[in-house]
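Biologist: I would like to learn how to read a model like this one. Could you take me through it step by step?

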Amino acid sequence: MKKSILTGVFAIATIFSTFAQNEIENTQPKFEVKVITSVESIVPLGLGRSRLISANAERDYKEFSSEQTEEDNTRNKSKRKDIRVKDFEETKLLNFYNVGGIRFQNIAANDAVISSKLTPMLANGWNLIFVTSAVESDAGEDDGQGIFITRYIFKRKL
């Protein structure tokens, strides 16, 4: 009798423990993150290239990472070709400059194109959580280089 009571208690405890663990896992939200990047040329005379980029392929950063310690400083030996993504969406944007200088119509056009990409994402459950921008500007007559880059970082529940 004691053995059957203990077996029953153990079975109930096991079921309860499994149920509780499943509930904990199910209540913790799981997310995915998506990064959209705009690269807008600020090269004088409109000679640069401007694009809105969105990767369609996934990568696991762990495959390309190594952990450095005092005892083990082995570097990750990943090849660039393994990291490179060839499956992506590339949307043409206009350059900020043309022959006459800064072109405000181009900026407005880029805003409209970028908005048309981001708006449906919001409608499809993506939440814009962070925006970051940076610029590498033209350093004068000997440089001739420059980009304005913006990253839009989204997340949504799986």
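Biologist: Is Arg51 buried or exposed?

Modeller: Buried means under 20% relative accessible area, exposed over 50%, and partly exposed in between, using a 1.4 Å probe and protein chains only. Arg51 has 18% relative accessibility, so Arg51 counts as buried. Keep in mind that this is a predicted model, where local features need pLDDT of at least 70 and side-chain atom pairs count only at pLDDT 80 or more, while totals for chains, interfaces and linings use all residues. Residues are numbered from 1 along each chain as its sequence is written, and side-chain values use heavy atoms, with hydrogens and water left out.

Biologist: Where is the place of Arg51?

Modeller: Helices (H or I, at least four residues) and strands (E, at least two) are DSSP runs, numbered from the N terminus. Arg51 sits in strand β2. The chain has 3 helices and 7 strands, in the order α-β-β-α-β-β-β-α-β-β from the N terminus on.

Biologist: Which residues does Arg51 touch?

Modeller: A contact means heavy atoms within 4.5 Å. Leaving aside residues up to four places away in sequence, Arg51 touches Thr37, Ser38, Val39, Glu90, Thr91, Lys92 and Leu93.

Biologist: Which side chain does a polar contact of 2.8 Å join to Arg51?

Modeller: A polar contact is a pair of N or O atoms within 3.5 Å; within protein, one must be able to donate a hydrogen and the other to accept it, and residues adjacent in sequence count only if both atoms are side-chain atoms. Here the partner of Arg51 is the side chain of Glu90, at 2.8 Å.

Biologist: How much of the 158 residues in the chain do buried residues make up?

Modeller: Buried residues account for 17% of the 158 residues.
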